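I opened a new page for this one.

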There are 2 protein chains.
Amino acid sequence: MYNAKAYSAASATAPLASTTIPRRDTTDRDVQIEILYCGICHSDLHTVRNEWESVMPTVYPCVPGHEIVGRVVKVGSAVTKFKPGDLAGVGCLVDSDHTCPNCRADVEQLCPNATFTYNSPDKHLEGITYGGYSDSIVVDEHFVLRVPANLDLAGVAPLLCAGITTYSPMRRWGVTTGTKVGVVGLGGLGHMGVKLARAFGAHVAVFTTSPGKKEDALRLGAHEVIISTNAEEMQQHAGSFDFILDTIAAEHDINAYITMLGRDGNLTLVGAPEKPLAVSAFGLLFGRRSLSGSLIGGLKETQEMLDFCGAHNITADVEVIPIQKVNEAYERLLKSDVKYRFSIDMASLKSE
Amino acid sequence: MYNAKAYSAASATAPLASTTIPRRDTTDRDVQIEILYCGICHSDLHTVRNEWESVMPTVYPCVPGHEIVGRVVKVGSAVTKFKPGDLAGVGCLVDSDHTCPNCRADVEQLCPNATFTYNSPDKHLEGITYGGYSDSIVVDEHFVLRVPANLDLAGVAPLLCAGITTYSPMRRWGVTTGTKVGVVGLGGLGHMGVKLARAFGAHVAVFTTSPGKKEDALRLGAHEVIISTNAEEMQQHAGSFDFILDTIAAEHDINAYITMLGRDGNLTLVGAPEKPLAVSAFGLLFGRRSLSGSLIGGLKETQEMLDFCGAHNITADVEVIPIQKVNEAYERLLKSDVKYRFSIDMASLKSE
């Protein structure tokens with residue numbers, strides 16, 4: 001074991017503050033990474049404040065962060081993919097059982113025994129796993145991703161969660177050249193959805209309630225912007241979409257978007273509204289439409305996504321902050337006051 | 001024009017009674033059919049009683065019936081598929097615009113200008129179309145199906161609606177040898193779902209609230225029966241289904257069935273509950289599951305279904321009644337007191 005610097009929350013109501021956490025020594029299969037940037041995902045905030053208590057209560061102290069990019073400093077003797085000096089990424093998962101049908105099908109995110117990057121029972125040390133708001137992490141090489149060398153690292157970090165969350169369902173539902181894709185909501189997930197859909201060759205429309213977001217949506221790659229509160233505009237596009245990516249976690253009228261789908265169209269939820277959605281059966285029957293959900297992606301697909309982003313020069317639009325501003329960033333996140341993801345420059349942790 | 005015998009309702013509260021209706025003379029493309037049997041679909045009752053007033057108000061007099069089987073008596077000069085003496089079937093559609101993207105893709109049921117077999121504006125005569133509770137009908141040959149000669153005709157009639165409604169989504173979602181299929185509800189649609197899924201080579205389970213239906217479900221081809229009110233039984237099957245066909249039109253807890261699906265599993269609704277369904281996003285996210293709807297099928301697929309039923313000797317289980325018992329049959333339908341579909345023997349109309 002060695003000590004790493006980190007920021008942790010001592011309780012659901014405490015701010016994140018500087019601390020020291022134990023990390024395990026590298027085993028044969030492990031990669032030790034010096035963390036350079038870590039994105040701030042809304043899940044970090046939910047966990048820190050114990051807002052998912054009913055499904056996954058938070059154990060304190062809590063060190064969040066699962067959009068990690070850094071440089072390899074040490075590898076175990078059995079590690080083949082990495083050597084010291086390599087760039088490396090870590091997303092939402094750091095382990096799984098490797099043997100269940102989901103692991104064998106490369107969808108480790110659905111493994112019933114998956115270990116999440118933070119707030120998950122730690123198989124090596126006592127207690128729970130600690131995430132990426134830290135200067136160092138040790139991870140089994142199967143859960144470490146190769147990072148293309150041509151990309152801005154601060155903007156790469158959010159690809160590990162926001163990137164794969166939007167990439168995976170679009171691949172699964174066949175988004176490609178000529179597909180008409182709608183993206184509902186233009187936040188951390190939505191802006192990645194726009195960039196990726198555009199790179200897949202799709203015709204991309206953003207649905208938003210805010211006319212003020214139009215210019216930025218077009219800059220990010222959207223071909224058009226539909227103001228969802230404008231009934232006439234919505235009517236013009238009814239029945240015309242092949243695929244819609246719904247990134248809204250708040251309660252909203254899902255039927256308004258389902259009726260935007262054409263025959264055999266699919267709407268995939270990547271946000272999870274707390275209350276059940278009121279879904280009209282008629283909207284699904286007329287058009288053979290489908291509604292589905294998607295949850296991050298497996299390791300193989302996450303690597304595919306990073307390689308795709310490298311080839312197409314895609315990163316998240318980030319506001320880089322020092323870790324000392326993380327509590328302020330959380331408050332701004334609650335107001336959607338960020339374009340479009342915070343990325344913590346972990347060099348700032350050296351001064352703590 | 002010529003006159004045909006029929007049973008019609010004069011208003012939403014009147015019983016069906018004997019009447020005479022006009023049928024057009026065969027045009028070049030038409031097939032005139034002597035109707036031998038007509039199934040009773042729940043839609044007939046909804047329409048006769050104007051229960052779908054908000055979406056499709058009923059025009060009276062109303063002659064329902066869209067599960068029609070009979071014998072060709074006359075064909076137009078351009079008709080190539082049929083000759084007098086052939087068996088023939090007619091389902092829910094008698095015309096469409098032939099030019100829209102849905103028609104060109106052989107999914108005429110989604111054509112925005114489709115003409116339904118009854119209560120739809122008639123392009124040839126004034127007023128609305130009259131359905132199969134009649135001794136004769138004239139239909140464009142594109143909307144007339146070939147009927148395999150080896151099947152019991154009374155049991156063929158319901159294939160034209162209940163058969164294709166359940167066949168189409170199972171084909172679309174890839175039900176085949178080894179697929180684990182669940183059928184929710186064992187009525188007119190459900191019993192066809194069981195027979196067809198079994199013939200596709202699937203492992204078939206019926207979900208029902210009625211332990212009394214177990215024996216019959218097994219006789220129809222189910223491998224097992226799951227009592228949906230038994231939490232323990234349900235838990236044993238959680239996450240194990242590839243496809244679930246939900247035939248329940250009443251309000252019910254859809255999430256209980258969504259969680260029965262395994263990874264990438266699909267649940268298709270073929271019943272349409274009036275109120276929106278309360279769908280938990282979490283059930284869809286964890287497992288990348290999907291929820292969809294399906295509406296009858298196109299003409300090409302309906303023919304494929306009939307040919308499949310001919311090859312596998314599949315018909316609906318019917319209770320054959322004379323047309324004079326149709327009002328009584330409607331009352332029994334409301335109590336689900338039929339195994340599993342009424343089929344009207346149209347020879348009974350000769351005495352009217």
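This is a predicted model: local features need pLDDT of at least 70, side-chain atom pairs count only at pLDDT 80 or more; totals for chains, interfaces and linings use all residues.

Entry 1. A:Pro61 sits in the loop that runs between helix H1 (42-48) and strand E4 (68-75) of chain A. From A:Tyr60 to A:Pro61 the peptide is cis, its omega near 0°. I then turned to chain B. There, too, the peptide bond from B:Tyr60 to B:Pro61 is cis, with omega near 0°. B:Pro61 lies in the loop between helix H1 (42-48) and strand E4 (68-75) of chain B.

I also looked up phi at A:Ser336. The angle is positive, about 55°, although A:Ser336 is not a glycine. I placed A:Ser336 in the loop joining helix H11 (326-334) to strand E18 (341-345) of chain A.

**Entry 2. Symmetry.** How is chain A laid on chain B? I find a turn of 180° with a shift of 0.0 Å along the axis, and the RMSD is 0.0 Å. The two copies are therefore related as by a two-fold rotation axis. The same surface is used by both copies, since 100% of the contact residues of chain A recur in chain B.

**Entry 3. Domains of chain A.** I noted two domains in the assignment for chain A. Domain 1 covers 2-161 + 297-351, and domain 2 covers 162-293. I read 28 Å between the C-alpha centres of domain 1 and domain 2 of chain A. Each side gives 20 residues to the contact: 20 from domain 1 of chain A and 20 from domain 2 of chain A.

I then took the area. Domain 1 and domain 2 of chain A bury about 1600 Å² between them, with 59% of it on carbon and sulfur atoms. I count 4 salt bridges between these two domains of chain A. I looked at the pair A:Glu304 and A:Arg171, whose side chains meet in a salt bridge at 3.9 Å, N to O. Polar contacts between domain 1 and domain 2 of chain A come to 15 residue pairs.

Which helix gives the most to the side of domain 1 of chain A that touches domain 2 of chain A? I find helix H10 (residues 299-312) of chain A, with 7 residues. By class, I sorted that side of domain 1 of chain A into 10 nonpolar, 4 polar and 6 charged residues.

**Entry 4. Chain A against chain B.** I moved on to the contact between the chains. It takes 36 residues from chain A and 36 residues from chain B. About 3000 Å² is buried between chain A and chain B, and carbon and sulfur atoms give 66% of that area.

I count 2 salt bridges between chain A and chain B. I checked A:Arg172, which forms a salt bridge with B:Asp264, the closest N and O atoms being 3.4 Å apart. There are 11 residue pairs in polar contact between chain A and chain B.

I listed the elements of chain A that each supply at least two residues of the side touching chain B; among them are helix H4 (162-172), strand E14 (261-269) and helix H9 (281-285). That side of chain A has 20 nonpolar, 10 polar and 6 charged residues.

Note on methods. Residues are numbered from 1 along each chain as its sequence is written. Chains are lettered from A and ligands numbered from 1 in the order in which they are written. Side-chain values use heavy atoms; hydrogens and water are left out. Copies are superposed by least squares on the C-alpha atoms of residues with pLDDT of at least 70 in both. Contact means heavy atoms within 4.5 Å. Domain bounds come from an automatic or database domain assignment. Buried area is the accessible area (1.4 Å probe) that two parts lose on being put together, summed over both. A polar contact is a pair of N or O atoms within 3.5 Å; within protein, one must be able to donate a hydrogen and the other to accept it, and residues adjacent in sequence count only if both atoms are side-chain atoms. Helices (H or I, at least four residues) and strands (E, at least two) are DSSP runs, numbered from the N terminus. Ala, Val, Leu, Ile, Met, Phe, Trp, Tyr, Cys and Pro count as nonpolar, Asp, Glu, Lys and Arg as charged, and the others, Gly among them, as polar.
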